Amino acid sequence: MITRYDEQQLDALRELASIGSGTAATALSQMLGRPVGLAVPRALALPLADALDAVGEPDAMVASVVLPVGVGDGDAAAEIVVLLLFSYRCAASLCELLGVEPRSELGDSALGEIGNILGASAVGALAQMTGLALEPQPPHVLYDMLGAVVASVLAATVGELDVALVLDASLTVEEASCGMSFLLLPTVGGVAELLGRLGLGAEK
Amino acid sequence: MGELAVSAAPDDELVSMGLGSCVGVALVDRERAVAGLAHVMLPAANAAYSAPAKFADRAVPTLLACVERLGARRERMVAILAGGAQMFAGARASVAGLDLGARNEAAVREALADAGVPVRAAATGGDRGRTVRVRVGEARVSVKEAGGVEVPLWHPHFHADDLVETP
């Protein structure tokens with residue numbers, strides 16, 4: 001099975017990514033008390049191998065927060081995974097800004113909290129826009145290879161499809177020279193729910 | 001991800017970077033410089049179309065056919081595995097519930113057993129990502145865990161006792 005998205009659907013998804021990441025950037029800025037820059041978000045529908053390359057260097061070590069979000073009435077097949085990826089240096093400077101020791105239990109929980117706040121505010125905006133019930137689950141913090149994190153999430157979300165939908169935006173914390181990737185990785189069921197609510201049914 | 005590569009050029013190196021729940025399957029001819037490496041994502045295929053190495057049950061026969069086309073012989077062939085980690089151990093949601101890593105490894109081992117190719121070394125399981133490298137000319141396979149250093153996993157002169165085998 002190969003799913004394709006047409007330009008109109010990708011535009012709508014890009015708009016969702018833009019609203020979600022804009023809300024997330026505002027929330028992060030309030031949390032840190034500093035300006036947060038936001039690059040123009042992308043909505044990419046790519047073959048799996050290319051999806052991984054589009055996100056970054058698979059071998060690079062990253063700090064990551066994985067926040068699964070249930071979509072709709074709790075059907076496990078419909079989910080959006082919010083994924084935050086930071087360099088180690090950026091994770092450390094965020095911990096310092098929040099006054100906690102990096103790579104400690106407290107540091108990890110602070111990163112998880114950043115993931116929580118960004119993810120919850122982004123999906124809150126999406127829920128308002130689409131009228132869908134979106135349930136964030138507890139965040140999971142891990143330090144590992146970028147490819148291992150992203151491919152494992154994609155394997156779980158994309159399943160048997162050959163095309164991965166990647167909605168990503170890059171956030172920059174000013175005065176801390178810290179950039180992070182903010183990704184929304186919906187399951188096929190999750191995309192169908194989102195597009196359905198926007199009147200752009202995924203079944204083509 | 002979901003791809004495979006084969007080579008009979010001694011200077012080539014085949015690499016799968018950042019394997020998490022995915023499994024890197026290396027096939028090596030012990031006597032000739034022919035090797036292949038597949039990046040398996042999921043245990044079994046139902047779908048008609050897909051990347052060549054995405055599903056374990058299809059990736060193993062496809063990889064085998066590709067290395068045999070380059071002159072490898074099945075009776076000299078050995079398999080080396082890396083990856084199959086449980087990246088999100090402890091998370092409640094569906095990204096963790098599947099235990100994909102272990103299921104991927106089991107599916108790969110089953111397909112290799114069906115093909116009569118022995119698994120001679122494996123760096124699998126755990127909760128860390130891995131990068132696996134196959135040096136075609138020397139038939140050497142090495143693995144690096146996230147945050148660790150590159151260590152040899154297998155080469156043709158490894159003594160049987162030295163083999164790394166995770167249960």
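Strand β7 (residues 130–135) and strand β8 (residues 140–145) of chain B pair up in the antiparallel sense over 6 bridges. Pairing here takes at least two DSSP bridges between two strands. Across the pair, B:R130 sits opposite B:E145 of β8(B). This is a predicted model, so local features need pLDDT of at least 70, side-chain atom pairs count only at pLDDT 80 or more, and totals for chains, interfaces and linings use all residues. Residues are numbered from 1 along each chain as its sequence is written, chains are lettered from A and ligands numbered from 1 in written order, and side-chain values use heavy atoms, without hydrogens and water.

Both strands belong to an open, antiparallel sheet of 4 strands in chain B, ordered β2-β7-β8-β9. β2 (13–19) and β9 (150–154) of chain B are the edges: each has a single partner strand, so one side of each lacks a neighbour in the sheet.

## Helix α1

Helix α1 of chain B covers residues 56–69. Helices are DSSP runs of H or I with at least four residues, and strands are E runs of at least two. Its buried residues (under 20% relative accessible area, 1.4 Å probe, protein chains only) are B:A56, B:A59, B:V60, B:L63, B:L64, B:C66 and B:V67. After α1(B) comes B:G71, with a positive phi near 105°.

## B:L27

B:L27 lies in strand β3 (residues 23–29) of chain B and, at 1% relative accessibility, counts as buried. Its contacts (heavy atoms within 4.5 Å) beyond four places in sequence include B:L63, B:L64 and B:V67.

Definitions and conventions. Buried < 20%, exposed > 50% of the residue type's maximum accessible area, 1.4 Å probe, protein only. Expected span 1.5 Å × (residues − 1).
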